[in-house]
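The sequence and structure are shown first.

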There are 4 protein chains.
Amino acid sequence: MTLPNPSPGGPGVPGTARPSSQGARRPRADAQRNRARILAAAEAVFAEKGPSASTDEVAARAELAIGTVFKHFPTKQALQQALMRDLLSDLTREVQALTTDGDPATSLFGFMTRVVEQAAQKKTVVGLLADTGVVLQVADSLLLLRDGLEGLLARSQQAGAVREDARADEVIALITGFSQGALHARWDRDLRHRTLALVFDGLRPPGARRSSRPAAGSPGCAP
Amino acid sequence: MTLPNPSPGGPGVPGTARPSSQGARRPRADAQRNRARILAAAEAVFAEKGPSASTDEVAARAELAIGTVFKHFPTKQALQQALMRDLLSDLTREVQALTTDGDPATSLFGFMTRVVEQAAQKKTVVGLLADTGVVLQVADSLLLLRDGLEGLLARSQQAGAVREDARADEVIALITGFSQGALHARWDRDLRHRTLALVFDGLRPPGARRSSRPAAGSPGCAP
Amino acid sequence: MTLPNPSPGGPGVPGTARPSSQGARRPRADAQRNRARILAAAEAVFAEKGPSASTDEVAARAELAIGTVFKHFPTKQALQQALMRDLLSDLTREVQALTTDGDPATSLFGFMTRVVEQAAQKKTVVGLLADTGVVLQVADSLLLLRDGLEGLLARSQQAGAVREDARADEVIALITGFSQGALHARWDRDLRHRTLALVFDGLRPPGARRSSRPAAGSPGCAP
Amino acid sequence: MTLPNPSPGGPGVPGTARPSSQGARRPRADAQRNRARILAAAEAVFAEKGPSASTDEVAARAELAIGTVFKHFPTKQALQQALMRDLLSDLTREVQALTTDGDPATSLFGFMTRVVEQAAQKKTVVGLLADTGVVLQVADSLLLLRDGLEGLLARSQQAGAVREDARADEVIALITGFSQGALHARWDRDLRHRTLALVFDGLRPPGARRSSRPAAGSPGCAP
DNA sequence: AATGAATGAGTTTTCATTCAT
DNA sequence: AATGAATGAAAACTCATTCAT
């Protein structure tokens, strides 16, 4: 939400010295920072007001002139696509980190829960997904996410915690659908978790099924 | 050289205008019919172009003047709410009809499947749901639907085809989420049905579970 | 904020607006009038400031809201094309009127002179012609003008006042080129006429040639 | 006058002025070259897209940063004026060269033909001329051209190939007008030449007149 | 000198809504 | 009741110009 940091080099490593020791501020390398500022502002604004919020508002939130926003992203749609891509690649990165960690099914269900919970707060992703033009252009990022999920899913299946016939496509479908639903004000955290628990049960193999659902606050995502 | 273009049903003879309250030609029946025309047009237009399609387009599709649309629905939001209400009450009516018919779980799963399939074609409902303003105003209609579902759900549970701890809220949540997801072009009918089958399994009681999912085209909604 | 102002009724008398007898004012048939107002304003504005003058300025000059202008002409280009077409059809009408009147060569040379003189005042046509997009779309109107000229030219040739091998295409080329040139502030009326006289001599048959050019103010357009 | 500089003239491709490396010191020679690059780019861009093409595009075509363009020409108008001046002085130079060469009338008509043909390809000059602001500022260059033409015209008249009462002003008017007309896509080379032939006949003295026009491709510019 | 990111006023265009007929 | 022209605020996008590096 706040100024993320430029990727290359990292902030702590002043290896290659630039003409001035450290105070790169406005221009050049700062275009990088401004791009990030814009994306952060866009995330906040679209989350708050929905994808039809004005680009002007994004610029204001980023404390930049409108021209700057359009210089970085030549159309509003381009900005939204970039935002989508970033969000999806964050998810992909998270999934990839999980793949190597502890119990796979716990990881999988936990991941799904977190995504849905986040969507409940920032309606960005979902709001944007509704805009057909945006989804289509971002299909490649979605595929990357699916690839990441496939590994986690396979490991969960090998551990016997997820039914054999489940596919990554279906997991994404579940995530997407729920993220959409999570927007609605009428859904409280409790309802989200109870419903997710149902779905998790549907994903478990015949024997591993919970006969009763958890209390509020715990979606029963332990394997 | 000019633009005036007569609408098809137009009553010609524009000279009859007297701004006072005299010659009422058409009775309320006509207004009634126009209201329906507008709603039908709105459903089609919003389904095609999303909820931000212009009211002008709705008027054009209804073959009515824009003023007429705003006379029936004083704001665009009011029109969308009325549309939502109509759609929800259709669903409610459908559920109520099902309640008395044959096997309740078959009915329930079939109903859910149909809703999702419809959403895949007309993105209306879901598109509108994304607009917070609209959902909130329509809560009462949603409650009616939930009431209807509750009966069907209860009967399915009594028949042993649905787990005891499932609630109507959750069913609605599942429907809503899936309807949103169903918008995405990447989801084909097959994926929708496979994913629904997972969810149905999650809804079944511990013993009634399918150990393997159905072939394409059949979502396994038999109890 | 500014209500459109009734132009034709003259100033003052802000009292009661009578809906009938005298002058239809605002709506319906007045769309017609507004279309004309817009075109008149556009002619004036583009003539004064060139074709890149803003549509806002046209609206202001027409004393109409900007939305009204765009309702009549959905893009700026469409407005400019309509303007072009109108101007060309005026010329065409003028040529057709001439065809039946007195001495044809006098008519022809007089017509050419008038067009060039007008262009010197309203640079509209020519300014717009420079905008490629506009010219191409208006080719049909140009053809009509050429057809009109063809008759006049043929009669001039039969009367022996214009050389046999001249074609309407060439006359249009001459008119267009001169109209462009007439824009330039450095060309005064005298220069325009002297140069036109040269051209007219080029159009005359071998024997009918003027051995010396006319004094300023008279382009020598008598046959 | 300038100090011979080690690096820039060096071995290799002379045309590449891409602002590449750092260490090399660029002297005035480089600025000189950049000025020329900008003007060349401007000619190309304005020819293609008209005088309202953006300065950014000029910079891109010149492969220079936008700041560099504005350093050389402090406003867009200044750039267009400089361009105009360059083009006019090219013409002036050409006329001066012709003055001393062979048959003057052949030279004159040939020159006029060439200018018009060029204008048909690059609409620069004419497009810019339409912009009043530019023409006025460039009057001095135009005067130089007129002076050049005056000599050529006088010699043509002495040779008896051009009528005595023709003036340089009129020749320029003819050239300008035709150059404008030459823009129009509908004018093909044949039409241009046929129309020029008419005008040349108008310029000839009473006896020297062509009784019939030339075939396509030859504007009849022999005396 | 060159660079190119940032600026922000200006332009085109859209659209919900009003209102006179 | 219906009509549809007019409104005008707001949105998306452009571009000449400035300025810190």
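Helices, of at least four residues, and strands, of at least two, are taken here as DSSP runs and are numbered from the N terminus. The model is a predicted one.

**Annotated domain**

The unreviewed UniProt entry places the feature "domain: HTH tetR-type" at residues 32-91 of chain A. Over residues 32-91, chain A is 82% helix and 0% strand. The end C-alpha atoms of this stretch of chain A lie 22 Å apart.

**Interface of chain B and chain A**

Contact between the chains involves 40 residues of chain B and 40 residues of chain A. About 3400 Å² of area is buried between chain B and chain A, and carbon and sulfur atoms give 59% of that area.

The rule finds 4 salt bridges across the interface of chain B and chain A. One of the salt bridges joins the side chains of B:Asp201 and A:Arg163, with an N to O distance of 2.9 Å. Polar contact between chain B and chain A is counted for 4 residue pairs, with both residues at pLDDT 80 or more.

Four helices of chain B, namely H7 (132-137), H8 (139-158), H9 (168-181) and H10 (189-203), each supply at least two residues of the side that touches chain A. H9(B) gives the most to this side of chain B, with 9 residues. The make-up by class of the side of chain B that touches chain A is as follows.

| Class | Residues of chain B on the side touching chain A |
|---|---|
| Nonpolar | 17 residues |
| Polar | 10 residues |

Definitions and conventions: Residues numbered from 1 in each chain as written. Chains lettered and ligands numbered in written order. Predicted model: local features only at pLDDT ≥ 70, side-chain atom pairs only at ≥ 80, totals over all residues. Heavy atoms only, no water. UniProt positions renumbered as here; feature names shortened; annotations may be inferred. Contact = heavy atoms within 4.5 Å. Buried area = accessible area lost by both parts, 1.4 Å probe. Polar contact = N/O pair within 3.5 Å; in protein donor to acceptor, adjacent residues only side chain to side chain. Nonpolar A, V, L, I, M, F, W, Y, C, P; charged D, E, K, R; others polar.
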